[in-house]
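Please read the following alongside the sequence and the model. The text goes from whole chains to domains and then to pairs of helices.

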Amino acid sequence: MEAIEKANALTIERILTSDPVLIDVQTARDVVPGLKDGMILHAGPPIEWDRMCGPMKGAITGIAVYEGWASDLADAETKAAAGAFEFHPNHHFDCVGPMTGMTTVSQPMLVVENRTFGNRAYCAINEGLGKVMRFGGNDAEVLDRLRWLRDDFGPALGAAIRHNGGVELKNIIARGLTMGDEMHQRNVACSGLILRALAPALAETATDNAALAKALAFIAGNDQFFLNIAMAMGKSITDAARGIEGSSIVTAMSRNGTDFGIRVSGTGDAWFVAPVEMPEGLYFPGFSEADANPDMGDSAIVETIGLGGFSMGASPAVAGFVGAGSASDAGNFTRAMGEVTAAESPEWTIPAMDYLGVPTGIDIRLVVDTGLAPTINTGIAHRKPGIGQVGAGVVKAPMGCFTQALTAFADRMGVS
Amino acid sequence: MSGTIKDLLAGPVKVVNIGLEGFEAELSQQGVEVVQVDWSPPAGGDPKLADLLSKLGA
């Protein structure tokens with residue numbers, strides 16, 4: 001249909017001409033539209049307490065204690081079950097969050113502005129590896145780190161970003177792809193590049209050498225530091241591509257540990273939801289698939305813009321890390337995703353694949369037609385609250401999301 | 001059977017198999033050279049979805 005092709009071309013143009021810039025770190029209460037006390041934003045499509053998975057409940061009890069809304073984890077659980085908190089998807093508030101994706105009023109948020117279209121998107125700061133809230137961790141160590149991010153690191157990072165006049169992200173992604181990152185399970189290059197970009201400004205705006213050293217060491221010691229920046233960037237790009245009547249391009253893929261949801265540009269704000277699948281991957285020593293929680297997080301926003309599993313060909317090391325096969329297999333993931341996308345990025349290319357542009361703009365028609373479900377690289381959380389990450393792997397988006405979306409899209413287009 | 005077909009089957013057979021991998025596996029086990037083409041019917045064979053797809057220009 002010509003109307004669909006025109007709408008999709010406009011959607012792709014908006015994605016490809018987006019100019020995302022990291023401009024600040026600000027307290028969520030001050031910048032996230034509509035966010036209030038007692039609200040807990042989570043990853044994935046809408047879900048209520050009773051249907052939440054273990055790590056999501058663990059993170060919610062932890063964040064309620066962190067915010068001072070509960071005296072301890074048990075009190076937080078009682079209050080959550082009694083309906084004391086409002087739960088909403090991050091995606092409904094211009095936000096995204098990895099894994100459990102907790103966003104609440106006092107957290108410091110990375111602010112990415114899409115300078116082409118003027119919209120902004122937000123994501124909390126990556127906490128590091130190991131026992132962290134995004135994987136359901138909620139003990140004193142986890143909460144103390146969140147307080148340090150709120151009171152010390154977040155304000156320092158924000159000051160440095162502002163002093164630097166922001167950080168343009170498209171170039172960093174382009175360079176990261178040439179250095180082996182796919183921006184989901186491997187961010188070591190981009191984390192190094194952002195540290196290099198901001199270290200002078202961190203030093204110039206610092207008032208205390210010990211605090212500066214701690215901030216630099218925190219970034220340098222976290223290979224996934226850039227993930228949350230990439231996610232806010234992805235959200236700022238896909239939000240600019242939402243709401244185009246007649247477009248069959250996906251604008252969000254997201255999971256809450258129970259359900260997987262997608263949104264499509266031409267079907268408004270509707271979520272198309274199906275049960276999440278279990279990642280296939282490799283486990284840390286002492287853990288196995290029996291410990292794993294199903295797929296979780298807003299981080300699939302990076303696949304929605306052509307990175308992550310879609311850019312596996314740029315990152316053979318990740319193919320091994322997530323148990324997806326040999327280095328030479330990595331390109332096959334990218335080629336397969338080229339079958340379900342409408343364009344190749346002219347700016348984000350993969351040297352090892354003869355500078356193939358990353359596959360961009362998932363078309364629900366192509367997904368249903370080919371039966372090729374989008375591939376997502378992901379971390380794996382323990383299924384019980386409070387334990388954390390146990391592995392990493394690859395997961396497929398459930399085909400049910402796409403068949404539902406196609407039926408709704410056809411109905412909206414007057415096709416039956 | 002025509003001469004051409006007889007000739008085809010008289011020598012070593014080379015096979016291109018489209019779709020179901022079981023045929024490829026069986027022939028490979030018997031030493032037959034097989035090229036497997038990864039294919040499935042549109043929309044996984046669901047006629048309603050396939051009809052919608054054709055009308056939506058996929």
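How far apart do the C-alpha centres of domain 1 of chain A and domain 2 of chain A lie? In this predicted model, the two centres are 21 Å apart. The domain assignment of chain A places domain 1 at residues 19-231 and domain 2 at residues 243-412.

The two domains touch each other. Domain 1 of chain A gives 44 residues to the contact, and domain 2 of chain A gives 46 residues. On the side of domain 1 that touches domain 2, at least two residues come from each of the helices α3 (54-66), α6 (169-178) and α9 (227-239) of chain A. By class, this side of domain 1 of chain A has 19 nonpolar, 17 polar and 8 charged residues.

Chain A as a whole contains 14 helices and 16 strands. Its C-alpha trace spans about 60 × 50 × 45 Å along the principal axes. The radius of gyration of chain A is 20 Å, which agrees with the value near 22 Å that a compact globule of 416 residues would have.

Chain B has 3 helices and 2 strands, and these follow the pattern α-β-α-β-α along the sequence. The C-alpha trace of chain B spans about 45 × 30 × 15 Å along its principal axes. For 58 residues, a compact globule would have a radius of gyration near 10 Å, but the value for chain B is 17 Å.

The next topic is the contact between the chains. Chain A contributes 14 residues to this contact and chain B contributes 11 residues. The side of chain B that touches chain A consists of 7 nonpolar, 3 polar and 1 charged residues.

Two pairs of helices in chain A can now be examined. Two packed helices are described by the angle between their axes and the distance between the axes.

Helix α5 (residues 140-163) of chain A and helix α7 (residues 188-205) of chain A have axes that come within 8 Å and cross at roughly 110°. An angle of 65 to 115 degrees counts as roughly perpendicular, so α5(A) is roughly perpendicular to α7(A). The crossing of α5(A) past α7(A) is right-handed. On the α5(A) side, the contact is made by Ala156(A), Ala159(A), Ala160(A), Ile161(A) and His163(A). On the α7(A) side, Leu198(A), Ala201(A), Leu202(A), Glu204(A) and Thr205(A) take part. The residues of this contact comprise 7 nonpolar, 2 polar and 1 charged.

The other pair involves α3(A), one of the helices that supply residues to the side of domain 1 touching domain 2. At what angle do the axes of α3(A) and helix α4 (residues 73-81) of chain A cross? The axes cross at roughly 110° and come within 8 Å. The helices α3(A) and α4(A) are therefore roughly perpendicular to each other. From α3(A), Ile60(A), Thr61(A), Gly62(A), Ala64(A) and Val65(A) meet Leu73(A), Ala76(A), Glu77(A), Lys79(A) and Ala80(A) in α4(A). By class, the contact of α3(A) with α4(A) has 6 nonpolar, 2 polar and 2 charged residues.

Methods:
Residues numbered from 1 in each chain as written. Chains lettered and ligands numbered in written order. Predicted model: local features only at pLDDT ≥ 70, side-chain atom pairs only at ≥ 80, totals over all residues. Axes fitted to C-alpha atoms, helices over the stretch in contact; angles between N-to-C directions. Helix = DSSP H or I, 4+ residues; strand = E, 2+ residues; numbered from the N terminus. Parallel < 35°, antiparallel > 145°, perpendicular 65-115°, else oblique. Left-handed = near helix turned anticlockwise from the far one by under 90°. Contact = placed C-beta atoms within 7 Å. Nonpolar A, V, L, I, M, F, W, Y, C, P; charged D, E, K, R; others polar. Domains from an automatic or database assignment. Rg over C-alpha atoms; globule rule 2.2 N^0.38 Å.
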